[in-house]
Amino acid sequence: MLFDIGIFYSVTAVLGLIIVASVQSITPTYATPILNYGGPIVYLIEIIITMPIIKKIQPALNYYSKTVLVQAPVLVWLFNLFLFFRIFLGINYVNPIIKVSAPVHMLNGLLYVIIIILFTQVTAKFYRYKNLTISQTAELTNLQSYTSHIETMYDDLRRFRHDYKNVLLSLEGAVSSGDIKEVQDIFQRVVKPTNTNLDDQTAVLSHLENIENIEIKSLVYNKVMTAINDHIDVSIEVVEPFKISPKVKITDAVRIIAILFDNAINAAKKASTKEINFSLFTKGSAQYIVIRNSTVEEKVDLHMLDGNFKGISSGKHSLGLRNLRIILASYPFIQHNSQSENHSVTQEIIIH
């Protein structure tokens, strides 16, 4: 609203004087009565000319309100004061507190139009590229982590393959001698730890093989390993090949899943039963991203979704999914459902 009013006052500062000057040059004798009684017509002309300008910068205004307002509120309010001052200048020219000449008023209006358009477009583009850079950096980090884990697994398998013959020979000797205690010792020291470590990592990778977007696959793997390190029991369900809809930017899909996972991890590690279940599947013509996690509370207040993202806080009952709502605001075909019961929270993203 402030932008629209600011632009309107700025444009009228320029157009109003041009219209007045044109009428006075065409009919100097009748200029005063025409301007006095034709005021509404002049305003209508100014509105008609102003609307295309507002419409042209509307996409930037929308992105500005969804992104810049959230990330730089101080900057936004400083510019709001700047816009309020434009309204004051417009009123001041009609009912002068400080007398201003017509050329200065006209120049002021022109400068305001230029500044408003430039400020909106520049800040919107800056934060768009900033968010893109952050997302791409996170994707690269997740991919590096994913690759690193695969390399570690490969090294573990290579070492195990190299050592398993010696292990079998040791076991064979212990079995032949009938030394059950030595057999148990070799099994506990060598075989069992290696088997458990390989099973944990292999299980995670095997469940992710159906995720066709490498960015999402690496992100989920990274988050799952983080949860496992926090001693959280994680189950992954991706039964059929899954590729995120092309209608959703992959950077936004990564951010959505990252927020849901971070939220789930923060809540689950505080719960007595630490559990997370994550699933990706297609039902009919819709894609589903579902994550369920355990919580300290039997039932979390799902209406408390405001504030900066902090994850579910057991003490404050805060879900803090404001960033998620900002992303989803750009996708009217995405449905977000939340449910809490029996010491768990389920977040469901449906891409129609």
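The chain has 10 helices and 5 strands; helices are DSSP runs of H or I with at least four residues, strands are runs of E with at least two, and both are numbered from the N terminus. This is a predicted model, in which local features need pLDDT of at least 70, side-chain atom pairs count only at pLDDT 80 or more, and totals for chains, interfaces and linings use all residues. Residues are numbered from 1 along each chain as its sequence is written, and side-chain values use heavy atoms, with hydrogens and water left out.

Some totals next. Of the 352 residues, 39% count as buried. Buried means under 20% relative accessible area, exposed means over 50%, and partly exposed lies in between, with a 1.4 Å probe and protein chains only. The chain exposes about 20300 Å², and carbon and sulfur atoms supply 62% of that; the areas come from the Shrake-Rupley method with a 1.4 Å probe, and for residues only the protein chains shown count as cover. A contact here means heavy atoms within 4.5 Å. Among contacts with a separation of 6 or more, 68% are between residues 24 or more positions apart.

Now the strands. Two strands pair if DSSP finds at least two bridges between them. Strand β2, residues 275–283, runs antiparallel to β3, and 8 bridges join them. One of these pairs Ser279 with Val290 in β3. The two strands form a hairpin with 2 residues between them, and Gly284 in that turn has a positive phi of about 65°.

On its other pairing, β3 meets β5, again antiparallel, over 8 bridges. Ser294 stands opposite Ser344 in β5.

Gln339 has Thr346 as its bridge partner in β5. β4 and β5 form a hairpin with 3 residues between them. In the loop between these strands sits Asn342, where phi is near 50°, a positive value in a residue other than glycine. Asn342 counts as exposed because its relative accessibility is 60%. His343 lies in the loop between β4 and β5 too, with a positive phi near 60°. With a relative accessible area of 39%, His343 is partly exposed.

On to helix α8, residues 214–229. The expected span of a helix is 1.5 Å times one less than its number of residues. For the 16 residues of α8 that gives 22 Å, and the end C-alpha atoms are 22 Å apart, which agrees. Buried residues in α8 include Ile216, Leu219, Val220 and Val224. Just after the helix, His231 takes a positive phi of about 60°.

Last, the cores. A nonpolar core is a set of buried Ala, Val, Leu, Ile, Met, Phe, Trp, Tyr and Cys residues joined through side-chain atoms within 4.5 Å. The largest one has 40 residues, and those with the most contacts inside it are Val220, Phe261, Ile276, Phe278 and Ile289. At least two residues each come from α8, β1 (233–237), α9 (250–268), β2, β3, α10 (322–328) and β5. α9 gives the largest share, 11 residues. Leaving aside neighbours within four places in sequence, Ile276 is in contact with residues including Ala227, Val234, Phe261, Ile265 and Ile291. A second, separate core has 20 residues, among them Ile54, Leu61, Tyr112 and Tyr127.
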